[in-house]
Amino acid sequence: MADLSVDFCGIKSPNPFWLASAPPANGAEQVLRAFDAGWGGAVWKTLGNPIVNVSSRFGAVDYGLSKVIGFNNIELITDRPLETNLKEIQAVKKRFPKHAVIASLMVETRAEWKELIKRCEDSGADGLELNFGCPHGMCERGMGSSVGQEPAVLTEITSWAKEFATTPVLVKLTPNIGDITEPGAAAVAGRADGLSLINTIKSLVGVDLERLVPVPRVGPWSTNGGYCGPAVKPIALHMVAALARDPRVKIPISGIGGISTWRDAAEFIALGSTSVQVCTAVMVHGYKIIEDLCEGLSNFLDERGMTLAQLRGSAVGNYREWGELDLNYKVVAKIDPKLCIGCQKCYTACLDGAHQCIHTNAGPCRAWHGAPDHGRAPRLEASPAVLHTAPGEPAALRVPVVDEHECIGCNLCALVCPVDGCITMAEVPHEGGTECWNDRVAAGRTKVPGGLWE
Ligand SMILES: Cc1cc2nc3c(=O)[nH]c(=O)nc-3n(C[C@H](O)[C@H](O)[C@H](O)COP(=O)(O)O)c2cc1C
Ligand code: SF4
Ligand code: SF4
(Lines give C-alpha, C1' and ligand atoms only; values in the text may rest on other atoms or scores of the structure.)
(Ligands and ions follow the chains in the order given, each with its own letter.)
Protein backbone atom coordinates (compact mmCIF):
# COMPACT_ATOMS: atom_id res chain seq x y z
CA MET A 1 0.00 0.00 0.00
CA ALA A 2 1.37 3.39 -1.03
CA ASP A 3 2.39 5.87 1.66
CA LEU A 4 -0.37 8.50 1.62
CA SER A 5 0.94 10.67 4.46
CA VAL A 6 1.38 14.36 3.81
CA ASP A 7 3.19 17.30 5.31
CA PHE A 8 1.27 20.47 4.48
CA CYS A 9 3.57 23.36 5.41
CA GLY A 10 4.36 21.57 8.67
CA ILE A 11 0.85 20.21 9.31
CA LYS A 12 1.14 16.43 9.16
CA SER A 13 -1.64 13.96 8.44
CA PRO A 14 -1.73 10.21 7.71
CA ASN A 15 -3.41 10.81 4.36
CA PRO A 16 -4.28 13.82 2.18
CA PHE A 17 -8.04 13.56 2.86
CA TRP A 18 -9.41 16.25 5.16
CA LEU A 19 -12.98 17.10 6.02
CA ALA A 20 -13.69 20.60 4.74
CA SER A 21 -14.94 23.23 7.18
CA ALA A 22 -18.68 22.49 7.04
CA PRO A 23 -21.39 20.41 8.80
CA PRO A 24 -19.34 17.14 8.75
CA ALA A 25 -16.67 18.90 10.88
CA ASN A 26 -19.04 20.64 13.25
CA GLY A 27 -18.01 19.00 16.54
CA ALA A 28 -15.87 16.43 18.32
CA GLU A 29 -18.38 13.60 18.20
CA GLN A 30 -18.38 13.84 14.40
CA VAL A 31 -14.67 14.43 13.87
CA LEU A 32 -13.76 11.52 16.16
CA ARG A 33 -16.01 9.20 14.16
CA ALA A 34 -14.50 10.54 10.93
CA PHE A 35 -10.94 9.90 12.17
CA ASP A 36 -11.95 6.42 13.33
CA ALA A 37 -13.29 5.83 9.81
CA GLY A 38 -9.92 6.86 8.30
CA TRP A 39 -9.98 10.58 7.50
CA GLY A 40 -6.54 12.16 7.85
CA GLY A 41 -7.60 15.63 8.96
CA ALA A 42 -10.44 18.02 9.58
CA VAL A 43 -10.89 21.73 9.12
CA TRP A 44 -13.29 22.63 11.92
CA LYS A 45 -16.58 24.34 11.03
CA THR A 46 -15.69 28.05 10.95
CA LEU A 47 -15.40 29.69 14.38
CA GLY A 48 -16.30 33.30 15.01
CA ASN A 49 -18.76 35.44 16.87
CA PRO A 50 -22.10 33.76 17.57
CA ILE A 51 -24.54 33.72 14.65
CA VAL A 52 -28.15 32.65 14.11
CA ASN A 53 -29.02 30.29 11.27
CA VAL A 54 -32.23 30.08 9.23
CA SER A 55 -34.47 27.14 8.39
CA SER A 56 -34.53 25.75 5.74
CA ARG A 57 -31.00 26.22 4.42
CA PHE A 58 -30.02 23.63 1.77
CA GLY A 59 -31.01 23.11 -1.87
CA ALA A 60 -29.79 20.77 -4.59
CA VAL A 61 -29.68 20.20 -8.33
CA ASP A 62 -30.68 16.72 -9.52
CA TYR A 63 -30.07 15.71 -13.14
CA GLY A 64 -31.83 12.75 -14.69
CA LEU A 65 -31.51 9.90 -12.24
CA SER A 66 -28.56 11.48 -10.44
CA LYS A 67 -29.40 13.13 -7.10
CA VAL A 68 -27.44 16.12 -5.79
CA ILE A 69 -25.03 16.76 -8.63
CA GLY A 70 -24.89 20.27 -7.19
CA PHE A 71 -25.52 21.43 -3.63
CA ASN A 72 -26.43 24.85 -2.33
CA ASN A 73 -26.49 26.25 1.22
CA ILE A 74 -27.33 29.44 3.04
CA GLU A 75 -25.81 28.29 6.32
CA LEU A 76 -23.45 30.63 8.16
CA ILE A 77 -20.47 29.79 10.36
CA THR A 78 -20.76 27.64 13.52
CA ASP A 79 -23.77 28.33 15.72
CA ARG A 80 -22.20 26.48 18.69
CA PRO A 81 -20.50 28.36 21.54
CA LEU A 82 -16.82 29.08 20.99
CA GLU A 83 -15.84 27.59 24.35
CA THR A 84 -17.51 24.28 23.46
CA ASN A 85 -15.74 24.12 20.09
CA LEU A 86 -12.33 24.86 21.63
CA LYS A 87 -12.72 22.19 24.30
CA GLU A 88 -13.72 19.69 21.64
CA ILE A 89 -10.73 20.56 19.42
CA GLN A 90 -8.55 19.86 22.44
CA ALA A 91 -10.27 16.53 23.06
CA VAL A 92 -9.89 15.45 19.42
CA LYS A 93 -6.18 16.39 19.36
CA LYS A 94 -5.66 14.42 22.54
CA ARG A 95 -7.13 11.25 21.03
CA PHE A 96 -5.66 11.75 17.56
CA PRO A 97 -2.35 13.62 18.01
CA LYS A 98 -1.08 12.56 14.56
CA HIS A 99 -4.15 13.74 12.65
CA ALA A 100 -4.50 17.27 11.29
CA VAL A 101 -6.99 19.51 13.09
CA ILE A 102 -7.21 22.97 11.59
CA ALA A 103 -9.34 25.75 13.02
CA SER A 104 -11.26 27.74 10.42
CA LEU A 105 -11.76 31.33 11.53
CA MET A 106 -13.82 34.36 10.57
CA VAL A 107 -14.03 37.54 12.63
CA GLU A 108 -13.93 41.25 11.91
CA THR A 109 -11.48 43.35 13.87
CA ARG A 110 -7.75 43.02 14.45
CA ALA A 111 -8.37 42.55 18.17
CA GLU A 112 -10.84 39.73 17.49
CA TRP A 113 -8.40 37.96 15.14
CA LYS A 114 -5.69 38.19 17.81
CA GLU A 115 -7.93 36.79 20.55
CA LEU A 116 -9.42 33.99 18.44
CA ILE A 117 -6.06 32.86 17.02
CA LYS A 118 -4.55 32.65 20.51
CA ARG A 119 -7.47 30.65 21.90
CA CYS A 120 -7.47 28.22 18.96
CA GLU A 121 -3.73 27.63 19.24
CA ASP A 122 -4.05 27.17 23.01
CA SER A 123 -6.62 24.47 22.33
CA GLY A 124 -4.05 22.54 20.27
CA ALA A 125 -5.13 23.26 16.69
CA ASP A 126 -2.35 22.34 14.22
CA GLY A 127 -3.06 25.29 11.98
CA LEU A 128 -5.51 28.02 11.04
CA GLU A 129 -7.63 28.50 7.95
CA LEU A 130 -8.85 32.05 7.35
CA ASN A 131 -12.30 31.84 5.79
CA PHE A 132 -12.31 34.56 3.12
CA GLY A 133 -14.73 32.59 0.99
CA CYS A 134 -18.29 32.39 2.30
CA PRO A 135 -20.52 34.13 -0.33
CA HIS A 136 -23.73 34.50 1.70
CA GLY A 137 -24.70 36.16 4.93
CA MET A 138 -21.24 36.75 6.35
CA CYS A 139 -20.10 38.75 3.30
CA GLU A 140 -22.98 41.17 3.92
CA ARG A 141 -21.31 41.82 7.29
CA GLY A 142 -17.96 42.60 5.64
CA MET A 143 -16.44 39.13 6.15
CA GLY A 144 -16.05 35.94 4.07
CA SER A 145 -16.01 36.53 0.32
CA SER A 146 -16.11 40.30 0.72
CA VAL A 147 -12.52 39.96 2.02
CA GLY A 148 -11.60 37.38 -0.63
CA GLN A 149 -12.71 39.81 -3.33
CA GLU A 150 -10.53 42.67 -2.09
CA PRO A 151 -6.85 41.69 -2.47
CA ALA A 152 -5.55 44.61 -0.37
CA VAL A 153 -7.86 43.78 2.55
CA LEU A 154 -7.02 40.10 2.19
CA THR A 155 -3.29 40.85 2.42
CA GLU A 156 -3.81 43.02 5.47
CA ILE A 157 -5.89 40.52 7.46
CA THR A 158 -3.56 37.67 6.48
CA SER A 159 -0.59 39.65 7.77
CA TRP A 160 -2.45 40.27 11.06
CA ALA A 161 -2.97 36.52 11.37
CA LYS A 162 0.69 35.85 10.60
CA GLU A 163 1.69 38.40 13.21
CA PHE A 164 -0.37 36.63 15.91
CA ALA A 165 -0.06 32.98 14.86
CA THR A 166 2.60 30.47 15.78
CA THR A 167 1.01 27.68 13.68
CA PRO A 168 0.70 27.64 9.84
CA VAL A 169 -1.88 29.99 8.33
CA LEU A 170 -3.93 28.82 5.34
CA VAL A 171 -6.06 31.29 3.40
CA LYS A 172 -9.33 29.90 2.01
CA LEU A 173 -10.20 31.65 -1.25
CA THR A 174 -13.53 32.49 -2.83
CA PRO A 175 -14.16 31.46 -6.44
CA ASN A 176 -16.46 34.48 -6.83
CA ILE A 177 -13.80 36.51 -8.59
CA GLY A 178 -12.53 37.09 -12.15
CA ASP A 179 -8.92 36.02 -11.71
CA ILE A 180 -8.14 33.65 -8.83
CA THR A 181 -4.41 34.39 -9.03
CA GLU A 182 -5.00 37.91 -7.68
CA PRO A 183 -6.26 36.86 -4.23
CA GLY A 184 -3.74 33.99 -4.34
CA ALA A 185 -0.88 36.44 -4.80
CA ALA A 186 -2.45 38.74 -2.19
CA ALA A 187 -2.40 35.89 0.34
CA VAL A 188 1.27 35.26 -0.42
CA ALA A 189 1.94 38.98 0.04
CA GLY A 190 0.37 38.65 3.50
CA ARG A 191 2.80 35.73 4.17
CA ALA A 192 0.20 32.95 4.12
CA ASP A 193 1.72 29.49 4.50
CA GLY A 194 -0.86 27.73 2.33
CA LEU A 195 -4.01 28.20 0.24
CA SER A 196 -7.34 26.36 0.36
CA LEU A 197 -9.81 26.57 -2.49
CA ILE A 198 -12.55 26.72 -3.49
CA ASN A 199 -15.19 27.88 -1.09
CA THR A 200 -18.71 27.88 -2.53
CA ILE A 201 -19.90 29.67 -5.67
CA LYS A 202 -22.58 32.35 -5.28
CA SER A 203 -25.75 30.78 -6.63
CA LEU A 204 -29.52 30.54 -6.84
CA VAL A 205 -30.24 26.86 -7.10
CA GLY A 206 -33.81 27.02 -8.36
CA VAL A 207 -37.32 28.36 -7.99
CA ASP A 208 -40.28 26.69 -6.26
CA LEU A 209 -42.73 27.09 -9.15
CA GLU A 210 -45.80 26.51 -6.96
CA ARG A 211 -45.01 29.47 -4.73
CA LEU A 212 -42.74 31.33 -7.16
CA VAL A 213 -40.07 31.64 -4.49
CA PRO A 214 -36.41 30.69 -5.05
CA VAL A 215 -35.09 27.76 -3.00
CA PRO A 216 -34.13 27.03 -0.28
CA ARG A 217 -37.21 28.80 1.03
CA VAL A 218 -37.29 30.63 4.33
CA GLY A 219 -40.99 31.41 4.75
CA PRO A 220 -42.04 33.58 1.79
CA TRP A 221 -38.48 34.46 0.72
CA SER A 222 -35.08 33.10 -0.17
CA THR A 223 -31.60 34.42 -0.82
CA ASN A 224 -28.50 33.46 -2.77
CA GLY A 225 -26.44 30.58 -1.41
CA GLY A 226 -23.10 28.92 -2.02
CA TYR A 227 -22.86 26.18 -4.65
CA CYS A 228 -20.68 23.08 -4.25
CA GLY A 229 -20.69 19.34 -4.95
CA PRO A 230 -19.74 17.42 -8.13
CA ALA A 231 -20.99 20.21 -10.43
CA VAL A 232 -18.33 22.66 -9.24
CA LYS A 233 -15.31 20.39 -9.67
CA PRO A 234 -14.29 21.74 -13.11
CA ILE A 235 -14.29 25.32 -11.78
CA ALA A 236 -12.28 24.32 -8.73
CA LEU A 237 -9.77 22.32 -10.80
CA HIS A 238 -9.19 25.27 -13.10
CA MET A 239 -8.56 27.61 -10.18
CA VAL A 240 -6.22 25.19 -8.42
CA ALA A 241 -4.27 24.68 -11.67
CA ALA A 242 -4.05 28.43 -12.31
CA LEU A 243 -2.54 28.98 -8.86
CA ALA A 244 -0.24 25.96 -9.10
CA ARG A 245 1.39 27.36 -12.24
CA ASP A 246 1.58 30.96 -11.03
CA PRO A 247 5.23 31.77 -10.25
CA ARG A 248 4.10 34.17 -7.48
CA VAL A 249 2.37 31.36 -5.60
CA LYS A 250 4.92 28.90 -4.30
CA ILE A 251 2.98 27.71 -1.27
CA PRO A 252 1.05 24.44 -0.80
CA ILE A 253 -2.56 24.18 -1.94
CA SER A 254 -5.42 22.30 -0.32
CA GLY A 255 -7.80 21.48 -3.19
CA ILE A 256 -11.56 21.60 -2.56
CA GLY A 257 -14.65 21.41 -4.75
CA GLY A 258 -16.75 18.47 -5.84
CA ILE A 259 -14.36 15.73 -4.71
CA SER A 260 -16.34 12.49 -4.34
CA THR A 261 -14.01 9.75 -5.59
CA TRP A 262 -10.31 8.88 -5.46
CA ARG A 263 -10.09 9.87 -9.13
CA ASP A 264 -11.33 13.38 -8.32
CA ALA A 265 -8.72 13.57 -5.58
CA ALA A 266 -5.94 12.28 -7.85
CA GLU A 267 -6.83 14.95 -10.42
CA PHE A 268 -6.61 17.72 -7.81
CA ILE A 269 -3.27 16.34 -6.62
CA ALA A 270 -1.94 16.06 -10.19
CA LEU A 271 -2.85 19.72 -10.63
CA GLY A 272 -0.86 20.75 -7.59
CA SER A 273 -2.85 20.03 -4.41
CA THR A 274 -0.98 18.71 -1.40
CA SER A 275 -4.13 17.85 0.54
CA VAL A 276 -7.78 17.70 -0.55
CA GLN A 277 -10.90 18.61 1.39
CA VAL A 278 -14.36 17.11 1.07
CA CYS A 279 -17.76 18.39 2.19
CA THR A 280 -20.74 17.55 -0.05
CA ALA A 281 -19.77 13.94 -0.75
CA VAL A 282 -19.60 13.29 3.00
CA MET A 283 -22.92 15.06 3.56
CA VAL A 284 -24.53 12.82 0.94
CA HIS A 285 -22.73 9.49 1.47
CA GLY A 286 -21.22 9.67 4.97
CA TYR A 287 -17.69 9.31 6.37
CA LYS A 288 -17.34 5.77 5.01
CA ILE A 289 -16.35 7.03 1.53
CA ILE A 290 -12.86 7.49 2.99
CA GLU A 291 -12.23 3.75 2.52
CA ASP A 292 -12.63 4.02 -1.27
CA LEU A 293 -10.72 7.30 -1.37
CA CYS A 294 -7.65 5.83 0.37
CA GLU A 295 -7.78 2.44 -1.31
CA GLY A 296 -8.33 3.87 -4.79
CA LEU A 297 -5.56 6.44 -4.54
CA SER A 298 -3.16 3.93 -3.05
CA ASN A 299 -3.88 1.33 -5.77
CA PHE A 300 -3.49 3.96 -8.47
CA LEU A 301 -0.08 4.99 -7.14
CA ASP A 302 1.05 1.36 -6.76
CA GLU A 303 -0.09 0.44 -10.26
CA ARG A 304 1.77 3.40 -11.74
CA GLY A 305 4.81 2.86 -9.54
CA MET A 306 4.49 6.44 -8.33
CA THR A 307 4.73 8.11 -4.95
CA LEU A 308 2.19 10.67 -3.82
CA ALA A 309 4.90 13.33 -4.10
CA GLN A 310 5.53 12.34 -7.73
CA LEU A 311 1.84 12.61 -8.56
CA ARG A 312 1.62 16.04 -6.96
CA GLY A 313 1.71 18.71 -9.65
CA SER A 314 2.54 16.19 -12.40
CA ALA A 315 -0.17 17.61 -14.72
CA VAL A 316 0.53 21.29 -14.04
CA GLY A 317 3.06 21.71 -16.87
CA ASN A 318 0.65 20.12 -19.36
CA TYR A 319 -1.91 22.87 -18.78
CA ARG A 320 -1.23 25.67 -21.28
CA GLU A 321 -2.90 28.80 -22.54
CA TRP A 322 -4.95 28.32 -25.72
CA GLY A 323 -2.37 30.22 -27.76
CA GLU A 324 0.23 27.54 -26.97
CA LEU A 325 -1.79 24.58 -28.29
CA ASP A 326 -0.66 22.79 -31.47
CA LEU A 327 -2.92 23.81 -34.36
CA ASN A 328 -1.67 20.88 -36.46
CA TYR A 329 -2.71 18.17 -34.01
CA LYS A 330 -5.75 16.23 -35.23
CA VAL A 331 -7.97 13.40 -34.05
CA VAL A 332 -10.94 11.75 -35.74
CA ALA A 333 -13.79 9.65 -34.40
CA LYS A 334 -13.72 5.87 -34.96
CA ILE A 335 -16.77 3.73 -34.26
CA ASP A 336 -16.24 0.13 -33.16
CA PRO A 337 -19.03 -1.76 -34.98
CA LYS A 338 -18.73 -4.65 -32.54
CA LEU A 339 -19.71 -2.44 -29.61
CA CYS A 340 -22.24 -0.19 -31.36
CA ILE A 341 -25.87 -0.72 -30.36
CA GLY A 342 -27.20 1.39 -33.21
CA CYS A 343 -28.86 4.05 -31.05
CA GLN A 344 -27.92 6.86 -33.48
CA LYS A 345 -27.17 9.33 -30.69
CA CYS A 346 -23.81 10.13 -32.28
CA TYR A 347 -25.49 10.77 -35.62
CA THR A 348 -27.95 13.27 -34.15
CA ALA A 349 -25.29 15.02 -32.07
CA CYS A 350 -22.93 15.41 -35.01
CA LEU A 351 -25.75 16.46 -37.34
CA ASP A 352 -27.29 19.14 -35.11
CA GLY A 353 -24.44 20.03 -32.77
CA ALA A 354 -21.19 19.47 -34.61
CA HIS A 355 -19.99 19.01 -38.17
CA GLN A 356 -22.58 16.86 -39.99
CA CYS A 357 -20.10 14.12 -40.79
CA ILE A 358 -21.66 11.03 -39.25
CA HIS A 359 -23.95 9.25 -41.68
CA THR A 360 -26.53 6.56 -41.05
CA ASN A 361 -27.30 3.65 -43.27
CA ALA A 362 -31.00 4.12 -42.76
CA GLY A 363 -31.52 6.66 -45.50
CA PRO A 364 -30.03 9.75 -47.06
CA CYS A 365 -28.05 12.09 -44.87
CA ARG A 366 -30.30 14.86 -43.52
CA ALA A 367 -27.54 17.48 -43.56
CA TRP A 368 -28.33 20.22 -46.03
CA HIS A 369 -26.03 19.75 -48.99
CA GLY A 370 -27.75 22.23 -51.25
CA ALA A 371 -25.63 25.26 -50.43
CA PRO A 372 -23.02 25.92 -53.10
CA ASP A 373 -20.32 26.53 -50.52
CA HIS A 374 -21.31 23.66 -48.27
CA GLY A 375 -18.13 21.86 -49.24
CA ARG A 376 -19.26 18.72 -47.53
CA ALA A 377 -20.81 16.68 -50.31
CA PRO A 378 -22.49 13.56 -49.04
CA ARG A 379 -19.42 11.57 -49.90
CA LEU A 380 -20.51 8.64 -47.77
CA GLU A 381 -24.08 8.40 -48.96
CA ALA A 382 -23.00 6.15 -51.76
CA SER A 383 -20.89 4.02 -49.50
CA PRO A 384 -22.10 0.50 -48.87
CA ALA A 385 -24.15 0.05 -45.75
CA VAL A 386 -22.10 -1.01 -42.75
CA LEU A 387 -24.12 -3.62 -41.02
CA HIS A 388 -22.94 -5.57 -38.06
CA THR A 389 -24.64 -8.69 -36.87
CA ALA A 390 -23.36 -10.17 -33.65
CA PRO A 391 -23.13 -13.97 -33.62
CA GLY A 392 -26.51 -15.46 -32.86
CA GLU A 393 -28.34 -12.18 -33.31
CA PRO A 394 -31.21 -12.26 -35.77
CA ALA A 395 -31.24 -8.59 -36.78
CA ALA A 396 -28.50 -6.39 -38.08
CA LEU A 397 -27.71 -3.26 -36.08
CA ARG A 398 -27.46 0.10 -37.72
CA VAL A 399 -23.89 1.25 -37.30
CA PRO A 400 -23.32 4.86 -38.37
CA VAL A 401 -20.32 5.81 -40.47
CA VAL A 402 -17.88 8.64 -39.79
CA ASP A 403 -16.64 10.62 -42.75
CA GLU A 404 -13.16 10.95 -41.29
CA HIS A 405 -12.10 13.47 -43.91
CA GLU A 406 -14.74 15.90 -42.62
CA CYS A 407 -14.51 15.03 -38.93
CA ILE A 408 -13.10 17.95 -36.96
CA GLY A 409 -12.27 15.79 -33.94
CA CYS A 410 -14.49 17.66 -31.51
CA ASN A 411 -15.25 14.60 -29.30
CA LEU A 412 -19.02 15.27 -29.20
CA CYS A 413 -20.07 11.88 -30.59
CA ALA A 414 -17.75 10.04 -28.18
CA LEU A 415 -19.16 12.06 -25.29
CA VAL A 416 -22.80 11.23 -26.08
CA CYS A 417 -22.29 7.58 -27.04
CA PRO A 418 -23.82 5.44 -24.28
CA VAL A 419 -21.40 2.53 -24.81
CA ASP A 420 -17.99 2.85 -23.16
CA GLY A 421 -15.16 2.54 -25.65
CA CYS A 422 -17.46 2.33 -28.68
CA ILE A 423 -16.29 5.66 -30.15
CA THR A 424 -12.61 6.42 -29.75
CA MET A 425 -10.70 9.42 -30.99
CA ALA A 426 -7.74 8.34 -33.11
CA GLU A 427 -4.75 10.54 -33.77
CA VAL A 428 -4.16 11.40 -37.43
CA PRO A 429 -0.45 11.55 -38.23
CA HIS A 430 0.75 14.67 -40.03
CA GLU A 431 4.05 15.92 -41.31
CA GLY A 432 3.63 19.59 -40.61
CA GLY A 433 5.44 19.72 -37.25
CA THR A 434 3.85 21.72 -34.46
CA GLU A 435 2.59 25.26 -34.75
CA CYS A 436 0.57 27.24 -32.23
CA TRP A 437 -1.31 30.51 -32.51
CA ASN A 438 1.46 32.34 -30.65
CA ASP A 439 3.95 31.10 -33.31
CA ARG A 440 1.70 32.58 -35.99
CA VAL A 441 1.45 35.88 -34.15
CA ALA A 442 5.24 35.97 -33.82
CA ALA A 443 5.59 35.27 -37.56
CA GLY A 444 2.90 37.82 -38.51
CA ARG A 445 0.68 35.11 -40.01
CA THR A 446 -2.55 35.69 -38.14
CA LYS A 447 -4.91 36.07 -41.13
CA VAL A 448 -7.24 33.14 -41.72
CA PRO A 449 -8.96 33.01 -45.17
CA GLY A 450 -12.53 34.32 -45.21
CA GLY A 451 -12.06 37.12 -42.67
CA LEU A 452 -13.79 40.49 -42.45
CA TRP A 453 -11.08 42.44 -44.26
CA GLU A 454 -10.69 40.27 -47.34
C1 LIG B 1 -23.73 23.39 4.40
C2 LIG B 1 -22.36 23.91 4.16
C3 LIG B 1 -21.74 24.69 5.12
C4 LIG B 1 -20.46 25.19 4.90
N5 LIG B 1 -19.86 25.93 5.88
C6 LIG B 1 -18.61 26.37 5.69
C7 LIG B 1 -17.94 27.04 6.74
O8 LIG B 1 -18.45 27.22 7.85
N9 LIG B 1 -16.68 27.49 6.51
C10 LIG B 1 -16.05 27.30 5.30
O11 LIG B 1 -14.90 27.72 5.14
N12 LIG B 1 -16.67 26.65 4.30
C13 LIG B 1 -17.92 26.17 4.47
N14 LIG B 1 -18.53 25.47 3.48
C15 LIG B 1 -17.81 25.25 2.21
C16 LIG B 1 -17.04 23.91 2.18
O17 LIG B 1 -16.05 23.89 3.18
C18 LIG B 1 -16.38 23.67 0.81
O19 LIG B 1 -15.46 24.71 0.55
C20 LIG B 1 -17.39 23.62 -0.33
O21 LIG B 1 -18.55 22.97 0.07
C22 LIG B 1 -16.82 22.91 -1.56
O23 LIG B 1 -16.52 21.57 -1.30
P24 LIG B 1 -17.51 20.33 -1.75
O25 LIG B 1 -17.78 20.51 -3.20
O26 LIG B 1 -16.75 19.09 -1.38
O27 LIG B 1 -18.75 20.50 -0.93
C28 LIG B 1 -19.80 24.93 3.68
C29 LIG B 1 -20.43 24.15 2.72
C30 LIG B 1 -21.68 23.64 2.95
C31 LIG B 1 -22.32 22.76 1.89
S1 SF4 C 1 -15.78 14.10 -33.47
FE2 SF4 C 1 -17.28 15.76 -33.77
S3 SF4 C 1 -17.15 16.19 -35.97
FE4 SF4 C 1 -16.15 14.20 -35.67
S5 SF4 C 1 -17.76 12.72 -36.02
FE6 SF4 C 1 -17.75 13.12 -33.82
S7 SF4 C 1 -19.26 14.77 -33.53
FE8 SF4 C 1 -18.78 14.68 -35.70
S1 SF4 D 1 -23.84 6.61 -30.18
FE2 SF4 D 1 -22.45 4.87 -30.01
S3 SF4 D 1 -23.80 3.10 -29.81
FE4 SF4 D 1 -25.08 4.77 -30.54
S5 SF4 D 1 -25.02 4.52 -32.78
FE6 SF4 D 1 -23.39 5.94 -32.25
S7 SF4 D 1 -21.60 4.64 -32.07
FE8 SF4 D 1 -23.37 3.30 -31.98
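This is a predicted model: local features need pLDDT of at least 70, side-chain atom pairs count only at pLDDT 80 or more; totals for chains, interfaces and linings use all residues.
1. Let me start with a helix pair: H8 and H10 cross in a right-handed sense. The axes of H8 (residues 262-270) and H10 (residues 289-304) come within 8 Å, with a crossing angle of roughly 55 degrees. That angle makes H8 oblique to H10.

2. Who touches whom here? On the H8 side we have Trp 262, Ala 265 and Ala 266, and they meet Asp 292, Leu 293, Gly 296, Leu 297 and Phe 300 of H10. Sorted by class, this contact has 6 nonpolar residues, 1 polar and 1 charged.

3. Now the other pair, H5 (residues 151-164) and H6 (residues 181-189). Their axes also come within 8 Å, and they cross at roughly 30 degrees. H5 therefore counts as roughly parallel to H6, since the cut-off for that label is under 35 degrees. The crossing of H5 with H6 is right-handed.

4. H5 brings Pro 151, Leu 154, Thr 155 and Thr 158 to this contact, while H6 brings Glu 182, Pro 183, Ala 186, Ala 187 and Ala 189. The tally for H5 with H6 is 6 nonpolar, 2 polar and 1 charged.

5. On to the ligands. Ligand 1 has 28 residues around it, and the ones that come nearest are Ala 20, Asn 73, Cys 228, Cys 279 and Thr 280. Strand E4 (41-48), strand E6 (66-73) and helix H9 (280-285) are the elements that each give two or more residues to this shell.

6. Ligand 2 is surrounded by 15 residues, with Cys 350, Ala 354, Cys 407, Cys 410 and Cys 413 the closest. Two or more residues of the shell come from each of helix H12 (345-353) and helix H13 (412-416). There are no charged residues around ligand 2; the shell has 12 nonpolar and 3 polar ones.

7. For ligand 3, the count is 13 surrounding residues, and the closest are Cys 340, Cys 343, Lys 345, Cys 346 and Cys 417. This shell splits into 10 nonpolar, 2 polar and 1 charged.

8. Last, the overall layout. The protein is divided into domain 1 (6-318) and domain 2, which is given as two segments, 324-367 and 377-449. Taken over C-alpha atoms, the centres of domain 1 and domain 2 are 41 Å apart.

Conventions. Residues are numbered from 1 along each chain as its sequence is written. Chains are lettered from A and ligands numbered from 1 in the order in which they are written. A residue is near a molecule or strand if its C-beta atom, placed from the backbone, lies within 6 Å of it. Helices (H or I, at least four residues) and strands (E, at least two) are DSSP runs, numbered from the N terminus. Ala, Val, Leu, Ile, Met, Phe, Trp, Tyr, Cys and Pro count as nonpolar, Asp, Glu, Lys and Arg as charged, and the others, Gly among them, as polar. Axes are lines fitted to C-alpha atoms, for helices over the stretch in contact, and angles run from 0 to 180 degrees between N-to-C directions. Angles under 35 degrees count as roughly parallel, over 145 as roughly antiparallel, 65 to 115 as roughly perpendicular and the rest as oblique. A crossing is left-handed if the near helix is turned anticlockwise from the far one by less than a right angle, and right-handed if clockwise. Two residues are in contact if their C-beta atoms, placed from the backbone, lie within 7 Å. Domain bounds come from an automatic or database domain assignment.
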